[in-house]
Amino acid sequence: MKRTHHCNELRPENIGQEVVLLGWTHSRRDLGGLIFIDIRDREGRTQTVFDPSQLSSETFEKASSLRPETVIGVKGTVRQRPEETENPKIKTGNIEVVAENLRILNTAEVLPFIIDDPEVASKVNEELRLQYRYLDLRRPEMARNLQLRSKVALETRKYFDENAFLEVETPMLFKSTPEGAREFLVPSRLAPGSFYALPQSPQQFKQILMVAGVERYYQLAKCFRDEDLRADRQPEFTQIDVEMSFIDREDIYQIIEGLLRRIWKTALDVDIPTPFPRLAYKDALNRFGIDKPDTRFGLELVDMTDEFKDSRFKVFSNTVADGGVVKAINIKGLACATQGQIETMTNHARSFGAKGLAYIKVENNEWKSPIVKFFNNSEKEALKNKLQIEEGDLILFAADKWLTACEILGKIRLYCADILQAQGKLDVPEDQYNFLWVVDFPLLSFDKEMNRWYSSHHPFTAPVEDDIPLLSKDPKAVRGQHYDIVVNGVELGGGSIRIHQRDVQKLIFEEILKIPPETAEARFGYMLEAFKFGAPPHGGIALGFDRLMAILCKTPSIRDVIAFPKTAKGTDLMTNSPAPAEPKQLRDLRLEIKKGKEQ
RNA sequence: GGGGGUGUAGCUCAACUGGUUAGAGCGCUGCCCUGUCACGGCAGAGGUUGCGGGUUCGAGUCCCGUCACUCCCGCCA
């Protein structure tokens, strides 16, 4: 039996044809004297009919004993379904295949979970789905995710090819550069005691490729980070990695906007408007309290520092006197917040080191609040005007250092948006995609505990040209030529224009980041050397391909768009990895395992 | 490393304040059924309540420990 069509192919035009379908028994409806079997393959499903008047009794018996997921081949003739029995839910619903022959290609035992009912299957414990991933992936929803991922990857390659990019593979066995994320180490057998590291990203290689004159590079690159997992973070993941020579930031924006336009059109048939808005890091924090804002809804932060700098309410005025700010947010319609919800918000504030959370509930034309008695009339008037306070509003305040105050209210903004959405008071449209570029990040951030500066992005990011003189004078004021691409509150990717002058790079390593020259030489010496021999100006970006696919597949977890993902503890429940190594393997590597507490 | 949630039949869930023989739907087994498509009908089987310990006359339920999954914080240059 050779397959003639797939299971989502037959249409009324095929009526009368003799066909062979191969696939899995999706569902069986045995009416006693007549049996319907839906045969399913990765493309879809087709109804076959077993009518005893048209087949041998053995074949009919065989059909009546089929279990779900048995692999079968059905030979038969396509015919129009009788009137009133069409099934508009499936694309092959106008026809059916009258079976003449049935071959059982393989049997299937009773399944650990149902896969033919999307309602039930989507609720199955993820542990079980991961253990039997091959069954989970047969579910049409998951098969569709895999297919869409393949389609988007292909479109990405076509797009970059059309734009004169080369896809270059970079090594998986890289060198350990213990800056940033923790790496997976790989012991070397040929050099016992030495280790490779799996790349956190191909960052250094792609810059070297620019020195090599590749000019336009891209790669669907596997990256590895040995950090704790989240719904949107796996220890191995895929990036759309890009690097270009002789460009500035605008060129990157343009090429990525084009890519995302193409992807959204291909995957969702949605036209997204370009160019994307640009938002300075500072403005993102001031307005939304986060550097990856979801701009599909308002509830923006308002600055009240000036209004409260002389307030009788000392918590506010003292904060301002210490160089801090007073920020407020009006959560429209949430005056009804419960004590528990206020408590949760207060805990958010405390997690940032704040002492508490000041609020005003506007109910029955009254401002209910423990602090409003300290406010004078002009302060009240200012609040009313700037926050446009109305009946039913909930006003929340944060008085702290600028960044902390912004971040507290940014977190609360998102928390409250969820509540309002659940109450039907706020519409956050699922099918709207608010892309934006966040730009003008500070190049450097200060680590109080370590008492030193570190790169906000990574140490290869170029400072904004005009700010280079500030590097030694006022590091915090130096803006980096860094950009993040954000959609609906998700950080989809980021990149920068890189440093291509050896002396600037050396200055950053040694003078600013205070990496000892020997260490810088050991870790990055080959880059500094490469920059001696004519490194072109260059820059690039990397997009999280799994996150991108999760958005396109409308799922909250990237596990749903990765064929074989790991659990939150980094294990693979299907293969039971990781697992102990054989003593011989350890001997070859000259490794010894120290007994832990379980021994 | 820390905090929250979950764990009861193959699957999804229920079981009041600790109290009879731990229930339901789906699935499974058998029988009936010629236009179903989540087919329908009748009957039946199926339980170490994650695991270990404790309190109690009595524990799915309370306490301690532990394991797994999950969400979040830290972490993710």
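Which residue places a polar side-chain atom 2.7 Å from a base nitrogen of RNA strand B? Aspartate 228 does. The legends below describe a predicted model, in which local features need pLDDT of at least 70, side-chain atom pairs count only at pLDDT 80 or more, and totals for chains, interfaces and linings use all residues. Residues are numbered from 1 along each chain as its sequence is written, chains are lettered from A and ligands numbered from 1 in the order in which they are written, and side-chain values use heavy atoms, with hydrogens and water left out.

**View 1. Residues around RNA strand B.** RNA strand B is surrounded by 51 residues, where near means that a heavy atom of the residue lies within 4 Å of the strand. The closest are Thr85, Glu96, Glu127, Gly180 and His457. Of the RNA strand B atoms within 4 Å of the protein, 50% belong to sugar or phosphate, and the rest to bases.

**View 2. Backbone atoms beside RNA strand B.** A polar backbone atom of threonine 85 is 2.2 Å from a base nitrogen of RNA strand B. At glycine 180, a backbone N or O atom lies 3.2 Å from a sugar or linking oxygen of RNA strand B.

**View 3. Aspartate 546.** Helix H16 (residues 545-552) contains aspartate 546; helices are DSSP runs of H or I, at least four residues, numbered from the N terminus. Aspartate 546 counts as buried because its relative accessibility is 4%, and buried means under 20% relative accessible area (1.4 Å probe, protein chains only). A polar atom of the aspartate 546 side chain lies 2.8 Å from the backbone nitrogen of threonine 238.

Conventions. Helix = DSSP H or I, 4+ residues; strand = E, 2+ residues; numbered from the N terminus. Buried < 20%, exposed > 50% of the residue type's maximum accessible area, 1.4 Å probe, protein only. Polar contact = N/O pair within 3.5 Å; in protein donor to acceptor, adjacent residues only side chain to side chain.
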